[in-house]
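Please look over the sequence and the coordinates shown here before reading the short report that follows.

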Amino acid sequence: MFIDMIKEARFKMSEERLSKLKEELHYLQTVREKEVAQQIKEARSFGDLTENSEYDDAKTEQGKLYSKIAEIKTLIENAEIVKASEKTDVVGMGSKVTVRDIEMKEDITYEIVGSQDADPAINKISDDSPFGKSLMDHKKGDTVKVDAPAGVLEFKILKIE
């Protein structure tokens with residue numbers, strides 16, 4: 001059931017992110033898979049597998065590798081490429097939005113991206129996040145409210161690029 005839900009999900013990402021995922025998948029399926037197979041082969045040569053921690057570690061690593069490969073394949077198969085909006089009058093995908101935190105009186109610029117490209121540490125927020133959703137389709141001068149664990153936060157949109 002959970003796997004079926006994942007398979008039906010669409011993962012929003014840029015063409016660049018999709019390309020990076022394909023490169024990572026290729027690396028894992030070629031280089032990394034051979035390295036892990038070699039680790040297992042070496043561990044087997046140590047003899048009795050029942051008390052062989054190197055063998056157990058190598059098999060664990062192989063399981064993690066196959067899990068990561070499956071995860072990346074799912075992301076690639078269900079990728080939804082999002083294009084940046086060319087509009088600058090309303091907030092949309094790819095917009096760079098400068099907002100003022102009304103309570104803190106601080107200005108900050110965010111880029112609205114798909115969920116797979118989001119990185120809050122560098123101010124790239126997902127359009128699916130509560131903050132991203134609250135900004136979407138609003139105009140310069142609008143005030144938006146965001147429900148956060150700390151309470152309702154208010155932001156005024158200063159600029160859209």
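Does asparagine 123 count as buried, partly exposed or exposed? Asparagine 123 is partly exposed, at 24% relative accessibility, where buried means under 20% relative accessible area, exposed over 50% and partly exposed in between, with a 1.4 Å probe and protein chains only. This is a predicted model, in which local features need pLDDT of at least 70 and side-chain atom pairs count only at pLDDT 80 or more, while totals for chains, interfaces and linings use all residues. Residues are numbered from 1 along each chain as its sequence is written, and side-chain values use heavy atoms, with hydrogens and water left out.

Asparagine 123 lies in the loop between S4 and S5; strands (E, at least two residues) are DSSP runs, numbered from the N terminus. Most residues other than glycine have a negative phi.

| Residue | Phi | Relative accessibility |
|---|---|---|
| Lysine 105 | about 55° | 65%, exposed |
| Asparagine 123 | near 60° | 24%, partly exposed |

Lysine 105 is placed in the loop between strand S3 (96-101) and strand S4 (106-113).

Serine 126 belongs to strand S5, which spans residues 124-126, and serine 126 counts as buried because its relative accessibility is 10%. Leaving aside residues up to four places away in sequence, serine 126 touches Val113, Gly114, Ser115, Ala118 and Gly132, a contact being heavy atoms within 4.5 Å. The side chain of serine 126 also reaches the backbone nitrogen of aspartate 128, at 2.9 Å.

Methods: Helices (H or I, at least four residues) and strands (E, at least two) are DSSP runs, numbered from the N terminus. A polar contact is a pair of N or O atoms within 3.5 Å; within protein, one must be able to donate a hydrogen and the other to accept it, and residues adjacent in sequence count only if both atoms are side-chain atoms.
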